[in-house]
Amino acid sequence: MVVVSTIIVNYRSVALVRDLLGSIAARDSAWPGRVYVVENGSGDDSLVVLGAAVEEFGLSGRVEIVDAGRNGGFGAGNNVGAAAALRGTPRPEVLWFLNPDTLVGEADLAPALAWFEREPRVGVVGTGLINGDGGRDLGGHRDPSPMGEFVRGAGAFGVLRRFSTSGPELDRPGPVDWVSGASLMIRSEVFEQLGGFDEGFFLYFEEVDLCRRARDAGWGVWYEPRTAVVHLEGQTTGVQKAKARPRYWYESRRRFFVKHYGVAGLAA
C-alpha cells in the first residue's frame, strides 16, 4: 500500500471540514495514512472546533491540526500542510490535497493509488468528482490557452472543441493536462522537486500551474474517475459556475497566462 498523507486547508469553513473529518473517520482503518488540517488564519474559533472534532471522531493520533498563523492563500496553506506531512513518520510517498468542501464517502482509492505503483513516471493523479446532486463533474482538463478562452467565451464548438478546457472525451482514466485541486494526489518527490504550489496564486489556478510544471519536468498527469469523492463546489468560496467571478480569480488567471504564455499570450 502506498503511504499517503492527506492535507486539508481550513479558512472559515470549519463546519465543512468537520463533516469531511467525519467522513474520514467513517472509513476507520481503511483510510491510508495521516491527515493534516491547516488552519489558515481564519481569525475565529476554528482551532478549538477542529480539536474537538478530532476528539469526537476518535481521530487522535491520526489527524494533526497545523496552525499556519496567517492566510497566505490556498496554495500557501497547502504548502504548510505538505511541509508538516513530509516531516512525519512514516514519510508519505504521496500527498493528497482535498478541498474542505469534499466528502470521501465510499470512494475506492485503489484505482488512483495504483497509478503510482504501476507507472513510475506518473507524478500527479486527480480523482473523479461527484457534485452535491449526485451527478458527475469532470476533474480532468486541458490547459487554458488563448484559443481555449475564445472557445469558452464565444461558445464555439465543432472543430474548435479540441481547444476547449473541458469535454466529455476527457471523462476516462488517462493522461490530461491538469486535474482539479479539489482532490489531487502527487508524489512527494515531485512536489518537492517543483517547490510546491506557487504562492503567487492566492486562490484558483494554483493546481493548473502545478500540473503544468510537473508535465514540463517530465512527469505524467493522470485523471482517474473510478476513484471519486463528493465535491460541494463553491461552498468554501461562494464562487459558483452561474455567478460572477471575484477579482482574485481574474488575478490568478492573469498570473497563469503571463507565466506560461507571456504578456502576448495574456493579451491574446
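The model is predicted.

Start with helix H1 and helix H2. H1 covers residues 14-25, and H2 covers residues 46-56. Their axes are 10 Å apart, and the two helices pack at an angle of about 15 degrees. That angle makes H1 roughly parallel to H2, because angles under 35 degrees count as roughly parallel. The crossing of H1 and H2 is right-handed.

H7 spans residues 206-216, while H8 spans residues 247-267. The axes of H7 and H8 come within 10 Å and cross at roughly 20 degrees. H7 is therefore roughly parallel to H8. The crossing of H7 and H8 is left-handed.

How many of the 11 residues of H7 are buried? Nine are, so H7 is largely enclosed by the rest of the structure. Find them on the model. After H7 comes Gly218. The phi angle of Gly218 is positive, near 95 degrees.

Next, look at the salt bridges. The structure holds 14 of them. One joins H7 to H8. Asp209 forms a salt bridge with Lys259, and their closest N and O atoms are 3.0 Å apart. Asp209 sits in H7 and Lys259 in H8, so this pair links distant parts of the chain, 50 residues apart. Are the two partners buried or exposed? Asp209 is buried, with a relative accessible area of 0%. Lys259 is partly exposed, at 38%. This pair also belongs to a wider group. Asp198, Asp209, Arg213, Arg255 and Lys259 are linked in a network of salt bridges.

H8 has another partner. Which residue forms a salt bridge with Arg253? Glu149 does, and the closest N and O atoms of the pair are 2.4 Å apart. Arg253 lies in H8, and Glu149 lies in helix H5, residues 146-154. The pair therefore ties together parts that are 104 residues apart in sequence. Arg253 has 22% relative accessibility, so it counts as partly exposed. Glu149 has 18%, so it counts as buried. The cut-off explains these labels, because buried means under 20%.

Glu64 pairs with Arg34, with the closest N and O atoms 3.5 Å apart. Glu64 is in strand S3, residues 63-67. Arg34 is in the loop between H1 and strand S2. The two residues are 30 residues apart, and the pair links distant parts of the chain. Glu64 is partly exposed, with a relative accessible area of 31%. Arg34 is partly exposed as well, at 24%.

Finish on the surface. Which residues form a nonpolar patch there? Val258, Val263 and Leu266 do, with about 240 Å² of accessible area together. Take Val263 as an example. Val263 lies in H8. Val263 has a relative accessible area of 62%, so it is exposed. An α-helix has 3.6 residues a turn, so residues three or four places apart point the same way.

Key
Residues numbered from 1 in each chain as written. Predicted model: local features only at pLDDT ≥ 70, side-chain atom pairs only at ≥ 80, totals over all residues. Heavy atoms only, no water. Patch = residues over 30% accessible without salt bridge, like charges linked within 9 Å, V, L, I, M, F, W, Y side chains within 5 Å. Areas by Shrake-Rupley, 256 points an atom, 1.4 Å probe, with all protein chains shown as cover. Salt bridge = Lys/Arg side-chain N within 4 Å of Asp/Glu carboxyl O. Helix = DSSP H or I, 4+ residues; strand = E, 2+ residues; numbered from the N terminus. Buried < 20%, exposed > 50% of the residue type's maximum accessible area, 1.4 Å probe, protein only. Axes fitted to C-alpha atoms, helices over the stretch in contact; angles between N-to-C directions. Parallel < 35°, antiparallel > 145°, perpendicular 65-115°, else oblique. Left-handed = near helix turned anticlockwise from the far one by under 90°.
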